[in-house]
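Open the model in a viewer and keep the selection panel at hand. The stops below are given in the order in which to select them.

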Amino acid sequence: MTHPTDSILIVDFGSQVTQLIARRVREAGVYSEIAPFTTADAAFARMAPKGVILSGSPASVLTDGSPRIPQAILDSGVPILGICYGQQVLMHQLGGSVTLGESGEFGHAVIEVTDDCALFDGVWQLGESHTVWMSHGDKVTALAPGFRPVAVSPGSPIAVVADDTRKYYATQFHMEVAHTPDGAKLIANFARHVCGLSGDWTMAEFRAAKIAEIRQQVGTGRVICGLSGGVDSSVVAVLIHEAIGEQLTCVYVDHGLMRAGESEQVVTLFRNHYNIPLVHVDAEATFLAGLAGITDPEAKRKFIGGAFIDIFEAEAKKVGGADFLAQGTLYPDVIESVSFTGGPSVTIKSHHNVGGLPDRMNMQLVEPLRELFKDEVRALGVELGLPPAFVGRHPFPGPGLAIRIPGEVTKERCDILRKADAIYLEEIRKAGLYDTIWQAFAVLLPVRSVGVMGDGRTYDNVLALRAVTSTDGMTAEAFQFPGDFLPRVATRIVNEVKGINRVTYDYTSKPPGTIEWE
């Protein structure tokens, strides 16, 4: 992307919450990017940022080979904000001392502001006490030259340090997490006040810059986009169409595993409303035949992904091929694909994507959303004029209902689940709860139970309902419905959906569970 002139680089030392730093900076209206410390010098040279934020880390600066700040950043003269490990490594490299903590400091802590500094301007005052979130074992015990302490806590005599001359600031606490109530204000203060940035980065600015970039990248070439019906691919399609018009062709592979009425909604929206060239492939029979007898979740995902690629490739050839492939890759996907140490990460479950197509089809990738978080994609969708109800839909997995039917997938079981899921979502919307919930759906279990209906015995399917709250999908908690909601939904489903005689609710959080069942 053509990066905004006003930007902040975040150096990732391996913290689990580094993404939150980027979020807080962008919420302040300033563009930010994350780079692992191993490649931060190259990112710094490419971006020419007006400030740098150093993240936390599970490492200790006292360990050989632990992460370090690239010297080019320290030599540049740009403002720096260190958070937790970021404070410790800044002190360590500039001549201070860090010692191994005997007890550490974890959870909520109260700090006292002992001196003024630019980081606190308009947020905290001398003598005030504030709640923050600590999570550290090591601590700074001697300041580097030029620094002074400006806040203390019971476990950290040097909780915040400042060097106003160089515009270097560092905190032992994590200001990026919600558990530090004023943390977002402090980060905004660093970006806007300390670094002097205007805070005018908006979705309108991103839209204009990205359209210009797409036109430059594509030129007179043709782009093909796999439209899943989800928010990400839909926003990609509308954005690229605005940039290059008829040079874009979308292919919607309808695998018969969508929710009730969803395929019709997608086709109507893109073909009729936006007038985007759209190939609609009815492949239900192909997918259901291939899924027959498959019960393993990973085998389902792999078959669906492979079948999608085969059909997509065939349809692309029918329309004359293309020079570029559009994908809805998001920023968390980019960040998580690069370990800060370069090591592998554990695969919990594979993800349905069109990965593999570029090599097979000899196309270049167009990924216009790769700098955005999920909520920013939704904001861009609204900016592009997509209906708010469409943009605000709950996440839906690429393999669709196949992974909400543990065990074998059949058309009959898909139809049963579709009806039940539609009732559940209808009731959620009627109760005004849809936008409060991150994701809600029904799961048709491979279990049958005895029931009584009309004085007769039944032996039918069990349905599980799932609803969670989350901010990013990485962690989630079960949604607490009002007292009469679940009984009302269960009654409707049992009465209206033939084949279900029992309904349960899943209260499991993530972790230890995942949001989806498979």
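Start on the exposed side of helix H9, where Ala285 and Ala289 are exposed. Bear in mind that this is a predicted model.

Next, select the whole of H9, residues 284-291, and colour its buried residues: Phe287, Leu288 and Leu291. Looking down the axis of H9, you will find these buried residues within an arc of 95 degrees, so they line one face of the helix. Ala285 and Ala289 lie on the other side.

To see what the buried residues of H9 pack against, show strand E13 (248-254), helix H10 (297-318) and helix H15 (411-430). Then step past the end of H9 to glycine 293, which has a positive phi, near 85 degrees.

Move to strand E2, residues 31-36, and select glutamate 33. Glutamate 33 counts as buried, at 8% relative accessibility. Display side chains here: that of glutamate 33 makes a polar contact with the side chain of tyrosine 31 at 2.9 Å, and another with the side chain of arginine 46 at 3.2 Å.

Last, select the cysteines. How many disulfides does a search of the whole structure find? The search finds zero. Cysteine 84 is in no disulfide, and the nearest cysteine sulfur, in cysteine 117, is 18 Å away. From the sulfur of cysteine 117, the closest cysteine sulfur is that of cysteine 195, at 13 Å, which is too far for a bond. Cysteine 84 is buried, at 4% relative accessibility; cysteine 117 is also buried, with a relative accessible area of 4%.

Terms used
Residues numbered from 1 in each chain as written. Predicted model: local features only at pLDDT ≥ 70, side-chain atom pairs only at ≥ 80, totals over all residues. Heavy atoms only, no water. Disulfide = S-S within 2.5 Å. Buried < 20%, exposed > 50% of the residue type's maximum accessible area, 1.4 Å probe, protein only. Helix = DSSP H or I, 4+ residues; strand = E, 2+ residues; numbered from the N terminus. Polar contact = N/O pair within 3.5 Å; in protein donor to acceptor, adjacent residues only side chain to side chain. Arc of directions from axis to C-beta. Contact = heavy atoms within 4.5 Å.
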